[in-house]
Amino acid sequence: MNNKTPLYILPLVLTMACSQHDVMDYALDGRIYFNDTKQVNGTTVIQTERNYSFALQNSALMQDTLYIPVQLMGNVCQRDRTFSATAIADSTTAVSPLHYDILPGVLKAGEYTASLPVVVKRTADTQDHYVSLKLQLVSTADLAVGNADALTYKLNWGDMLMKPANWPYYFGRYSTNKYRFAIDVLGLTDWPQATRTQSADIEGVYSIAQMQLMAAQLNEAYAEYRLTHGPIYVDDTAEEKVEIHYSYDS
């Protein structure tokens, strides 16, 4: 008896071959959900919202593509699969295609992770206010949606300074004026915090001690600035004017 697999069957076998991943439900063929995470003091924190500012970019940049991480639950397959998202109208102020375009995502063959690309655009109306886009993953012929608690994600952007993803606790309460001064003095726009398990220096990741030193540097720089240029207030529109200061209780 010839027990060799006929050659014409092999492509079908390879196409259908899938492997299970350590996920919530092995019975699911392929479902996706948003999975944007960061490490804070050794703890994984799930992010469901992101801010983006064109004010931090070259003035010639008129649009940019933001990538939102997506995770597969179920089986990987030996072919690319597409997925998509739509805007939740009652939670979105941005207008398509004036402000954004949602592009299809691609989960590569054999991969558990991918990204949803969203093109955000620099427009004249976002110089004095930001716009937002509330996204929701939708099922496609290739991939269904999973993990009902992680199917939406919000993007906020504008051509103005917006609070960075990692505003240091040691800088005190956030304000646009404090952020602008910190950028001018430190030349930095974000301050990811090192975790307890990171023993070696990592470029672009800051320890508590480093951020405390930066706060002191900012206060010294402001004291010098104030002598020549006068005060900078936390909020220029507030009735009670409070000058900027960088400390955990300010």
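This is a predicted model: local features need pLDDT of at least 70, side-chain atom pairs count only at pLDDT 80 or more; totals for chains, interfaces and linings use all residues.
Residues are numbered from 1 along each chain as its sequence is written, and side-chain values use heavy atoms, with hydrogens and water left out.

On the overall layout, the protein has three helices and 13 strands; these are DSSP runs numbered from the N terminus, with helices being H or I of at least four residues and strands being E of at least two. Of the 250 residues, 36% are buried, where buried means under 20% relative accessible area, exposed means over 50%, and partly exposed covers what lies in between (1.4 Å probe, protein chains only). Among contacts (heavy atoms within 4.5 Å) between residues at least 6 apart in sequence, 71% join residues at least 24 apart.

Next come the cores. A nonpolar core here is a set of buried Ala, Val, Leu, Ile, Met, Phe, Trp, Tyr and Cys residues joined through side-chain atoms within 4.5 Å. The largest one holds 30 residues, and the members touching the most others are F34, F83, L116, V118, L135, L155 and W157. Two or more residues each come from β2 (30–34), β6 (63–77), β7 (81–87), β10 (113–121), β11 (131–138) and β13 (152–158), with β6 giving the most, at six residues. L155 is a handy one to click on: leaving aside neighbours within four places in sequence, L155 is in contact with R50, L66, I68, V118, V131, S132, L133 and L135. A second, separate core has 21 residues, including F181, M214, A215 and Y246. F181 also turns up among the buried residues of helix α2 (residues 176–186), which are N177, K178, Y179, F181, A182, I183 and L186. The cover over these buried α2 residues includes α3.

Then there are the charged pairs. Side chains of opposite charge can pair when their charged atoms come close. With a salt bridge taken as a side-chain nitrogen of Lys or Arg within 4 Å of a carboxyl oxygen of Asp or Glu, a search of the whole structure turns up six. One of them joins D36 to R50, with the closest N and O atoms 3.5 Å apart. This pair links distant parts of the chain, with D36 in strand β3 (residues 36–40) and R50 in strand β5 (residues 49–53), 14 residues apart. D36 is buried at 8% relative accessible area, whereas R50 is partly exposed at 23%.

Another bridge brings K108 and D80 together at 3.9 Å, N to O. K108 sits in the loop between β9 (105–107) and β10, and D80 in the loop between β6 and β7, 28 residues apart. Both ends are partly exposed, K108 at 48% relative accessibility and D80 at 41%. R226 pairs with E243, the closest N and O atoms being 2.7 Å apart. R226 lies in helix α3 (residues 208–229) and E243 in the segment after α3, so the bridge ties together parts that are 17 residues apart in sequence. R226 is partly exposed at 38%, and E243 is partly exposed at 29%.

β3 and β5 each supply at least two lining residues, and β5 has the largest share, with five. By class, the lining has eight nonpolar, seven polar and six charged residues; Ala, Val, Leu, Ile, Met, Phe, Trp, Tyr, Cys and Pro count as nonpolar, Asp, Glu, Lys and Arg as charged, and the others, Gly among them, as polar.

Finally, the backbone. Most residues other than glycine have a negative phi, and most peptide bonds are trans. S96 and P97 are joined by a cis peptide bond, with omega about 0 degrees, and P97 is in the loop between β7 and β8 (100–102). N147 has a positive phi of about 45 degrees although it is not a glycine; N147 is in the loop between β12 (144–145) and β13. G187, which follows α2, has a positive phi near 70 degrees.
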